[in-house]
Amino acid sequence: MRYAIISDIHGNLHALQAVLKDIRESNIDKYIFVGDYFGDLPYPNEVTDIIKVLNKKYIVSGNKEGYLTNLQENNKDEWIHNQFKVLYWNYKELRKDNLDYLLQLPEKKIVCQDNTKKILILHSITSLFKETKLDLLTSSKYAERMDKFNFEHEDYLKYVKNIILTDKKLMKKLESIDADIIVFGHTHIQWYININGKILINAGSCGLPLDLKTTAPYTILDISSNRIIIEEHRVKYDIQNLIEEFKKSMLYEYAKGWSNIVIEELRNGRDEITFFFRYVIEVAKNHGSHSWPIENEIWNKAINSWFERNNSKDKYLL
Ligand SMILES: [Fe+2]
């Protein structure tokens with residue numbers, strides 16, 4: 001059985017189409033989608049339309065889909081904050097049938113492969129490994145580490161393995177999980193690891209990779225009776241064309257500042273958003289504001305000055 005795992009599309013139709021085209025040539029039996037179908041790029045309906053009709057798939061929701069539930073249930077006034085503008089645009093943009101589809105997705109799923117292997121599918125493993133060294137594997141930490149060591153992917157896999165093996169609490173939690181393979185996404189970094197026969201697979205982010213590569217990732221999990229093979233794939237697509245289309249979109253018009261940060265991320269594969277959040281919190285403090293969500297006036301000021309700052313690495317050192 002060959003599974004193609006796709007995560008964190010974030011509304012990037014161009015990346016999804018390129019990845020699906022590549023997958024069609026790889027003899028796949030089933031798709032696994034692990035959440036965050038919309039978000040930063042202007043095609044929430046187009047992406048959902050494609051995924052909805054794909055046969056032979058396992059699919060779960062991500063934190064973005066979780067926000068949709070909040071938007072439905074809570075006072076929508078909270079979402080007029082500029083900080084959440086992009087999310088709100090997506091919520092308003094999604095057609096009723098697509099919104100309903102995304103809202104009914106389960107948070108996790110267990111797939112039993114030939115009664116021998118159990119696969120746990122979910123968006124984020126953070127909740128499974130609370131208060132462990134797992135926070136060292138975020139995209140911002142990845143960028144900071146890359147600044148220091150300029151490492152190769154193989155080195156990163158060794159680094160991940162070392163983090164897991166040297167954290168007793170994490171190891172204990174991993175052993176207690178009733179699954180042989182855990183498939184997820186969320187951090188936008190593609191990696192996999194085999195720890196004493198238990199396999200963790202992060203499929204990276206198809207639409208917004210943050211591992212300093214701009215190609216779109218997906219991972220193949222190939223299981224047969226006597227072996228498991230994992231293949232990490234990256235697909236090249238025309239990012240410049242995507243950016244040009246993005247700049248003509250309603251989303252770009254509606255939230256230009258945020259969209260420009262996303263464009264930076266598309267161009268360099270670096271987690272600019274987290275660094276921007278650190279910056280905006282600093283700007284708020286300097287204005288004596290500690291409110292959350294961030295006040296619109298402060299948010300706008302920070303967005304404007306973010307782009308005025310020079311491109312030196314200093315901007316990441318707040
Ligand atoms: Fe995501």
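**Domain interface and fold in a predicted model**

Q: How many salt bridges does the rule find across the interface of domain 1 and domain 2?
A: The structure is a predicted model. In the domain assignment, domain 1 covers 2–235 and domain 2 covers 272–318. Across the interface of these two domains, the number of salt bridges found by the rule is one.

Q: What is the N to O distance in the salt bridge of arginine 278 and glutamate 144?
A: The criterion is a Lys or Arg side-chain nitrogen within 4 Å of a carboxyl oxygen of Asp or Glu. The side chains of arginine 278 and glutamate 144 meet in such a salt bridge, with an N to O distance of 2.8 Å.

Q: How many residue pairs in polar contact does the rule find across the interface of domain 1 and domain 2?
A: Both residues of a pair must have pLDDT 80 or more. Under that condition, the count of pairs in polar contact between domain 1 and domain 2 is four.

Q: Which class has four residues on the side of domain 1 that touches domain 2?
A: That side of domain 1 includes three nonpolar and two charged residues. The class with four residues is polar.

Q: What area do domain 1 and domain 2 bury between them?
A: The centres of the two domains, taken over C-alpha atoms, are 28 Å apart. The contact draws nine residues from domain 1 and eleven residues from domain 2. Carbon and sulfur atoms account for 51% of the buried area, which comes to about 970 Å².

Q: Which residues in domain 1 lose the most area to domain 2?
A: Together, these residues contribute 54% of what the domain 1 side buries. They are Asn82, Gln83 and Ser140.

Q: Why is the protein chain as compact as a globular protein of its length?
A: The secondary structure of the chain comprises 13 helices and ten strands. For 318 residues the globule rule gives 20 Å, and the chain is as compact as a globular protein of that length because its radius of gyration is close to this value, at 20 Å.

Q: Which residue does a cis peptide bond join to tryptophan 292?
A: Most peptide bonds are trans. In this bond omega is about 0 degrees.

Definitions and conventions
Residues numbered from 1 in each chain as written. Predicted model: local features only at pLDDT ≥ 70, side-chain atom pairs only at ≥ 80, totals over all residues. Heavy atoms only, no water. Domains from an automatic or database assignment. Contact = heavy atoms within 4.5 Å. Buried area = accessible area lost by both parts, 1.4 Å probe. Polar contact = N/O pair within 3.5 Å; in protein donor to acceptor, adjacent residues only side chain to side chain. Nonpolar A, V, L, I, M, F, W, Y, C, P; charged D, E, K, R; others polar. Helix = DSSP H or I, 4+ residues; strand = E, 2+ residues; numbered from the N terminus. Rg over C-alpha atoms; globule rule 2.2 N^0.38 Å.
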